[in-house]
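Biologist: Could you take me through some features of this model, one question at a time?

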Amino acid sequence: MARAANASVYSPELLANKYGSRPVQAAKRTLEILVALGSFALQLLVDQRNGTLDRNKRKRAIKLKGIFTRLGPTFVKLGQGLSTRPDLCPPEYLEELAELQDALPTFADADAFSCIETELGMPIESLFSSISPSPIAAASLGQVYKAQLKYSGQTVAVKVQRPGIEEAIGLDFYLIRGLGFFINKYVDIITTDVIALIDEFARRVYQELNYVQEGQNARKFKKLYADKEDILVPDIYWNYTSGKVLTMEWVNGVKLNQQAAIESQGLKVLDLVTTGIQCSLRQLLEYGYFHADPHPGNLLATPEGKLAFLDFGMMSETPEDARSAIVGHVVHMVNRDYEAMARDYYALDFLSTDVDVSPIVPALRDFFDDALNYTVSELNFKTLVDGLGNVLYQYPFNVPAYYALILRSLTVLEGLALYADPNFKVLAASYPYFAKRLLTDPNPYLRDALIELLFKDGRFRWNRLEDLLIEGRKDRDFSAKDALQPVLRLLLGPDGEELRNLTIKEAVRVTEAIVLGSVADTYNSAPSFIQTLMINGNGNGALAISTADLEATMELRNQVFRIWGLLSSSENFDPALLQPILQVLQQPEGRSLGGRVVGGVTQRLAARLLQQLLRT
């Protein structure tokens, strides 16, 4: 820890003081950026006018890669993000920009070895029995060597920070922040605080410059998420780590965008990406601590089929209240509950509580009614993000910085999946997790969201429960034992009177449907001569119910039976899970609830019998 004492911390004030007094240096860098990107844009324009845009794609992609490389680490980060988005860039650009992940120009090996000795305070021969004479990879902020520890023979990866990196990114962020001030002041269409987003990103990049902090991030990440057998997080060797040198366990693997190499080992890219999505959902929504930079160079497929996470420099956290709100928000979106979606923005900290959300509801409906004409399995995450962004621009939203990093993380994962399957949709892969959380999480916000989803206008929506169970069962951690337990606890608790009244009405309907359905089944299975003996010779008449009502009643009964089948056929289903319910029903509140249901059913059946007698 003492080795990291002099690590830099992002401070906009210090950057302003430093570079504000260097106008010539700032102007020179601004001109360099404008000339580089302006010349590239001009070449594209010429290609378009000459009709050679498609023919020159490879040539221009190589040119753009070279521009990003020359402009330095800040623009390398931009290129890394673009290299994972086949929906934004043509294949030629993807292939060239992907080389930015680990094919950056290296700096002198002598400088790297000198840095290792200075930082760790020992000659390199005393630290390692062998070390590669040149780097095996170059990242945006440093380069990596393969070495063997002298004391144990353990194979390790040694990351060494680029010399002068802090000076380079400091000037870029000073200029970018100036652009942010301009946007906040003069560009009315952007309502998000651009300065806050820039500061958040810059703070993360500066944290990446502190390799001891990165080691601590890796340790925390491993503790939280490496309990799953399909996730691998390398160990950190603390005695060989400092603010500018990081030594970690060597991981053999293939980058996720190298589909042919992965499949040659008998592995499937989509299985690995799905593992990544499930792990990311746990990061975002269970512990709130997530990897904010999952580009292909940071995700490896190991020969054993595990997904290895690398590079823990850029991490972020989801506030606790926002985690539940995100789960509820996705479920509300899929079920087109736009009023609830609008209210979610309070919990997400998008809106101040004094802002009226009622004008936002029509805008959400206009976009999502069209987008949700597709099934969940057809929804494209980027389309939803872009559409939601259009809504956000029209109203006084302030998108928190953590949310931008979440969107980046999930869109990158979807981008990786598109390499293997152009039809892959991240929402389809992740929705089972959201459904499971809604069904099983005792969090009050999610419990209320579930009740709001299941009950509407005093009626229970069995189709919504069936849909949630169908999706929730697809999640590997779904537990039938935990499903609906939060609602049951509220139902029989001191604050559940309103819910009890709704439940009693629905229990009466369901019980009646089961009884009448059994009578109808008995009638339909009876011999014809017995059917003629029944009143009016008509089963419906015997029940004093119209054909349409009987069909609705039978559908309700069948739906309830299907839901029970979904629960009872779950892998971890145990009939013993009903014991807590039976125990609760033996308590005074439970007996009262049961008595009210029996009384309601008796009244309904007696009324039907009386109607039939009067008709006869």
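Modeller: A nonpolar patch is made of residues with over 30% relative accessible area and no salt bridge, with nonpolar side chains joined within 5 Å. Bear in mind that this is a predicted model.

Biologist: Which residues make the nonpolar surface patch of about 250 Å²?

Modeller: A patch residue needs over 30% relative accessible area. Val46, in helix H2 (residues 23-50), has 40% relative accessibility and therefore counts as partly exposed. The patch is made by Leu42, Leu45 and Val46.

Biologist: Is strand S4 (residues 155-161) largely enclosed or open, and how many of its seven residues are buried?

Modeller: Buried means under 20% relative accessible area. Strand S4 is largely enclosed by the rest of the structure, because the number of its seven residues that are buried is six.

Biologist: Which residue in the turn between S3 and S4 has a positive phi?

Modeller: S3 and S4 form a hairpin, with five residues between the two strands. The phi in question is about 80 degrees, and the residue is Gly153.

Biologist: What is the N to O distance in the salt bridge between Arg282 and Glu286, and where do the two residues lie?

Modeller: Side chains of opposite charge can pair when their charged atoms come close. Both residues lie in helix H12 (residues 269-287), four residues apart, about one turn of the helix. Arg282 counts as buried at 9% relative accessibility, whereas Glu286 is partly exposed at 29%. The N to O distance is 3.7 Å.

Biologist: Is Asp54 buried or exposed, and which residue meets Asp54 in a salt bridge?

Modeller: Exposed means over 50% relative accessible area. Asp54 has 57% relative accessibility, so Asp54 counts as exposed. The partner is partly exposed, at 22%, and the N to O distance is 3.4 Å. That partner is Lys57.

Biologist: Are Asp441 and Arg437 buried or exposed, and what is the N to O distance of their salt bridge?

Modeller: Both Asp441 and Arg437 are buried. Their side chains meet in a salt bridge with an N to O distance of 2.8 Å.

Biologist: How many salt bridges are there by this rule?

Modeller: The rule takes a side-chain nitrogen of Lys or Arg within 4 Å of a carboxyl oxygen of Asp or Glu. Lys18, Arg22 and Glu167 are linked in a network of such bridges. The count comes to 18.

Key:
Residues numbered from 1 in each chain as written. Predicted model: local features only at pLDDT ≥ 70, side-chain atom pairs only at ≥ 80, totals over all residues. Heavy atoms only, no water. Buried < 20%, exposed > 50% of the residue type's maximum accessible area, 1.4 Å probe, protein only. Pairing = 2+ DSSP bridges. Patch = residues over 30% accessible without salt bridge, like charges linked within 9 Å, V, L, I, M, F, W, Y side chains within 5 Å. Areas by Shrake-Rupley, 256 points an atom, 1.4 Å probe, with all protein chains shown as cover.
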